[in-house]
Each structure stands twice: as C-alpha cells, then as structure tokens.
Amino acid sequence: MLVAEELVLLVFDDTSGKRDGRLGNLDVMLAGAVLAELALRGRVELLGEGTGRLVVVNKGPTGSPVLDDAVTRLATLDQPIPQDAVNSLAWRGLMEPLLAGLADRGVLRREQRRVLGVFPATRWPVEDDRHEQDVLRSLGDVLIDGAEPDDRTAVLVGVLSAADAVMKVLEFPPGTDLRAVRARCDEIAAGEWASDAVRRAIASISAGVAAVFVATTAGS
C-alpha cells in the first residue's frame with residue numbers, strides 16, 4: 001500500500017466515508033507523500049550537497065499508476081526545488097485514483113449518493129479497516145511510546161507534521177503529553193531512520209510541503 005493511500009485512510013471517516021473537513025489542501029499532503037515515496041524507492045534524489053533540487057533517476061515502471069504518473073510529471077521539470085515538485089504533483093485529480101484503488105482492493109467501499117436528491121456525491125466508507133488499524137498502532141508506538149519508526153511510518157509522520165495535521169488526524173489517549181508528541185515528530189524528521197541521502201531528500205520534501213501550505217495560507 002502506498003504511503004499516500006495510508007494518508008487517505010487516516011483523513012476519511014470510516015463510517016461516513018467523508019474526508020475530514022478540518023484539513024485544508026489535502027492534495028498537497030498527498031503530493032508530498034507520493035514524492036517522498038519516490039525518494040524511498042530510489043526514483044528521485046536530491047542533487048549534490050544542499051543544492052535543494054530534485055532529479056528523477058529512474059523512469060521505469062513502479063507497479064503503481066499513481067507513482068508512474070508522478071514520475072512522468074516530474075521528468076518534464078528541470079531539476080525542481082521540492083516546493084515546485086510538490087506543487088506540480090498536487091493536481092486536483094490526485095485523490096480520486098487513490099480512493100478508487102483502495103475500493104478496488106476492498107479496503108474502502110464506493111457509495112454513490114445524491115445530495116438533496118439532486119447533486120451526485122460519492123462517499124468512501126471503510127470496508128476492511130485492518131490496514132488502517134495497523135497504521136494507527138504503528139503511529140502510536142512511535143509517537144507515544146518512542147518506538148523506532150520504519151521508513152514508511154517516518155514519511156507519514158513527516159508529511160502530517162509538515163502540514164501541521166498530526167493533532168487533527170490522530171486521536172491520542174487522555175493525558176497524552178502533546179508537547180512530547182510534537183517533539184517526537186521533530187525528532188523523527190531529524191533522525192537516522194534512513195540512509196543520509198534519502199533522509200535529506202525527504203526532509204527537503206517535507207519542507208516543500210510546509211512551504212506550499214504557508215504560501216497557500218498567506219494567499220487565502
């Protein structure tokens with residue numbers, strides 16, 4: 001399962017099948033997750049030491065239409081900075097193939113409805129919540145109990161933190177020290193959970209996600 005698909009599971013309500021209305025610009029978060037996954041898979045790299053520019057190093061098939069499309073889009077750019085790469089991938093149609101893919105695999109259920117009996121709307125309630133529960137357990141282990149994250153969990157934390165969405169998406173038990181959770185998010189972003197090259201690339205991508213959110217907020 002893609003990191004971006006795990007993000008979708010976290011931000012859509014299991015029962016209503018509707019996305020969390022508190023989250024603005026979800027496409028940016030999904031784009032960051034897709035870009036970070038490409039870095040994990042060795043498809044994109046950060047050029048040199050501190051240049052802050054990304055390059056596609058492997059254009060071959062990934063096995064995922066969403067990732068393949070992202071590689072194609074990035075290959076048309078001239079060594080973009082992460083912020084521009086995130087903007088390029090944050091197209092409005094990005095969420096639909098992720099939702100459809102989860103429904104095709106029986107994780108979500110596609111429900112067609114009409115609002116006020118007139119306007120068509122699609123809801124995506126959960127059909128099989130086992131993977132989502134695994135993700136939530138992993139996040140709890142890492143953010144509350146201090147367990148070492150695997151690469152994918154670290155990417156998910158990084159994207160959520162960059163978008164200031166950790167406290168909106170995740171529910172913590174009563175009495176949880178939320179300042180400690182935020183500090184743990186920062187620690188993971190700076191940690192040794194991947195090779196130095198991959199970690200630097202993903203740190204730059206997370207910074208790019210944060211920059212897009214700042215720009216979007218300032219322009220609204």
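Me: Is Arg 73 buried, partly exposed or exposed?
Reply: The model is predicted, local features need pLDDT of at least 70, side-chain atom pairs count only at pLDDT 80 or more, and totals for chains, interfaces and linings use all residues. Residues are numbered from 1 along each chain as its sequence is written, and side-chain values use heavy atoms, without hydrogens and water. Buried means under 20% relative accessible area, exposed over 50%, and partly exposed in between (1.4 Å probe, protein chains only). At 28% relative accessibility, Arg 73 therefore counts as partly exposed.

Me: Which residue meets Arg 73 in a salt bridge?
Reply: A salt bridge is a side-chain nitrogen of Lys or Arg within 4 Å of a carboxyl oxygen of Asp or Glu. The N to O distance here is 2.8 Å, and the partner of Arg 73 is Asp 69.

Me: What is the relative accessible area of Glu 37, which forms a salt bridge with Arg 41?
Reply: The closest N and O atoms of Glu 37 and Arg 41 are 3.0 Å apart. Arg 41 counts as partly exposed, at 38%. Glu 37 is buried, and its relative accessible area is 2%.

Me: Which residues are linked with Glu 37 and Arg 41 in a network of salt bridges?
Reply: A search of the whole structure finds twelve salt bridges. In the network, Glu 37 and Arg 41 are linked with Glu 6 and Arg 152.

Me: Which residue meets Arg 184 in a salt bridge?
Reply: Arg 184 is buried, with a relative accessible area of 9%. The N to O distance is 3.3 Å, and the partner is Glu 187.
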